[in-house]
Amino acid sequence: MFSSLLHQVKKFQWPLNQLSLINPNAIVRCVRQDKCGDRRFMKYSALNLLRQAMGGHKDWPRAWRDPEPKDAYDVIIVGGGGHGLATAYYLAKNHGIRNVAVVEKGWLGGGNVGRNTTIVRSNYLLPEELPFYEWSLKLWEGLSQDLNFNVMFSQRGVLNLVHSDAEVDAAVRRGNAMIMHGADAEFLSRDECVKMVPGIDDKNSRFPVYGGLLQPRAGNARHDAVAWGYARGADGYGVDLLQNCEVTGITRDRQGRVVGIETTRGKIRANKVGLAAAGHSGHVAAMAGLRLPIESHKLQAFVTEGLKPLVDTVVTFGHGHFYLSQSDKGGLVFGASLDGYNSYAQRGNLPTVEATIEAAMHLMPSIGRVRLLRHWAGVMDMSMDGSPFICKTPIDGLYLNAGWCYGGFKATPASGWCFAHTIANDEPHAYNAHYTLDRFARGYAVDTKGVGAQPNLH
Ligand SMILES: Cc1cc2nc3c(=O)[nH]c(=O)nc-3n(C[C@H](O)[C@H](O)[C@H](O)COP(=O)(O)OP(=O)(O)OC[C@H]3O[C@@H](n4cnc5c(N)ncnc54)[C@H](O)[C@@H]3O)c2cc1C
């Protein structure tokens, strides 16, 4: 029996030996070459994985270059987070604008894109929002294939629990709006919610569960993979990704038009400058003399020690800003509310930790003995109606992508897609037509929650 097994192994070895005899670079190096010149990168594929495995994984090329800044670019994007990188990618891919730089003061993905709780959904109410977020969800559905980078998008569903008759009505109304706009939504009874998330306290809690609005196509993704995937994709089209390059000034000519930026790595000229600096948007826009209707707040996230599979969806608690999901490593990931005062610090404070853990215990008392492993914060650009800006600014040559509040991660693909469209065409796409800076002056605030200029309530 042993000899027959050996025979089988030898039979199988032959093709492998043949492969290794031939120059491996010639066999399976799957190289993408774009039209602009000699930019190349090795495609991530099963075949290339096999080839690299045979060579001891020593031949993987860098995912992106580390170029020196050029003197001038057609477009400069300030901020190497998800939105900035996605914008550069779609400028090159959709509009053929490849003489582009993304300028990042730290490292790519070191901002909110690598700090968030990764929830992706399109369960909005208003016609100004639904088409945009649904388009984003559609882009998410094909993103790993488009970028040739596994962003680990997992459509495990998002379940919004409701705790009163009024909340049931509001959730059903929102679900109907979603369905009318081509999104997916289901209203679950209390029993169906408990069946889906067995640990929730449905009867004894102060706010009993009345039911829940489920969006089955929603879910989450691996946040830094999104930044890396867009970075690699943009670099593949020839975009320069300039890290450790802080913008310290925005240069304008005599007519007031933006003509470039000043950075810690020197002055760089540009025909157009797009701001995608998230929590630092107000600070960066002020360099061009622009005051934004944005406050910078901190928002914390939390992760517990790893557990066996417990929750296979994303569940939100309706009475208090709290939600949880389980990461692929097993940790429970908690999201919560703002810390409640303005700050640029990327760390949070203990009262918010306490409030978050109280909400967790309220929703799911069975996790009471799980140990919290880490918590951290990101800087949020809270707009005064809870909706973003993707628009031209009153300053010629300056474009703005900001005001994402709690929810910019899910918007990353559509935000980059629409911002690239706006920069390339000097006018918005229909999806972002409402996200202008002058909407407050015109009386067209996009305020889903109807709580006005109170960032802590959005
Ligand atoms: C704790 C937490 C949880 C969240 N959870 C979710 C969620 O579940 N779902 C969701 O949809 N959204 C969520 N968000 C929001 C989401 O992360 C943000 O809205 C989104 O990431 C912002 O866009 P970005 O990725 O481009 O930002 P960032 O990654 O912050 O990118 C902005 C970049 O600009 C750079 N920059 C700033 N100033 C300068 C300068 N002067 N020069 C050069 N570069 C500069 C920064 O270093 C940064 O890298 C969460 C955020 C936090 C903090």
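1. Helices (H or I, at least four residues) and strands (E, at least two) are DSSP runs, numbered from the N terminus. With that naming, Ser 122 falls in the loop between β5 (119-120) and α5 (130-141). The model discussed in this note is a predicted one.

2. Overall make-up. The chain contains 13 helices and 20 strands. Its C-alpha trace spans about 80 × 70 × 40 Å along the principal axes.

3. Burial and contacts across the chain. Of the 458 residues, 51% count as buried. Among contacts with a separation of 6 or more, 73% are made by residues 24 or more positions apart.

4. Ser 122. This residue has a relative accessible area of 0%, and therefore counts as buried, the cut-off being under 20%. Apart from neighbours within four places in sequence, Ser 122 is in contact with Leu 130, Tyr 133, Glu 134, Leu 137, Met 178, Ala 183 and Gln 215. Glu 141 lies 19 residues from Ser 122 along the chain, and the C-alpha atoms of the two are separated by 12 Å.

5. Helix packing in general. Two packed helices are described by the angle between their axes and the distance between the axes. Both values are given below for two pairs that involve α4.

6. α4 with α12. Helix α4 covers residues 82-95 and helix α12 covers residues 408-425; they pack at an angle of about 45°, and their axes are 7 Å apart. The pair is therefore classed as oblique. The crossing of α4 and α12 is right-handed. Sorted by class, the residues of this contact comprise 10 nonpolar, 11 polar and no charged.

7. α4 with α9. Helix α9 covers residues 223-236, and α4 packs with α9 at an angle of about 30°, the axes being 8 Å apart. Because angles under 35 degrees count as roughly parallel, α4 is described as roughly parallel to α9. The crossing of α4 and α9 is left-handed.

8. Residues between α4 and α9. On the α4 side, the residues taking part are Leu 85, Ala 86, Ala 88, Tyr 89 and Tyr 90. They meet Ala 227, Tyr 230, Ala 231, Gly 233 and Ala 234 in α9. By class, this contact has nine nonpolar residues, one polar and no charged.

9. Backbone points to check. Most residues other than glycine have a negative phi, and most peptide bonds are trans. Which residue in the loop between α6 (143-147) and β6 (158-162) deserves a look? Asn 148 is found there, and its phi is near 55°, a positive value in a residue other than glycine. Asn 148 has 13% relative accessibility, so it counts as buried.

10. Cys 405. A further positive phi, of about 50°, belongs to Cys 405, which is not a glycine. Cys 405 is found in the loop between β20 (398-402) and α12. With 6% relative accessibility, Cys 405 counts as buried. Helix α12, at one end of this loop, is also the helix that packs against α4 at about 45°.

Methods:
Residues numbered from 1 in each chain as written. Predicted model: local features only at pLDDT ≥ 70, side-chain atom pairs only at ≥ 80, totals over all residues. Heavy atoms only, no water. Axes fitted to C-alpha atoms, helices over the stretch in contact; angles between N-to-C directions. Parallel < 35°, antiparallel > 145°, perpendicular 65-115°, else oblique. Left-handed = near helix turned anticlockwise from the far one by under 90°. Nonpolar A, V, L, I, M, F, W, Y, C, P; charged D, E, K, R; others polar. Buried < 20%, exposed > 50% of the residue type's maximum accessible area, 1.4 Å probe, protein only. Contact = heavy atoms within 4.5 Å.
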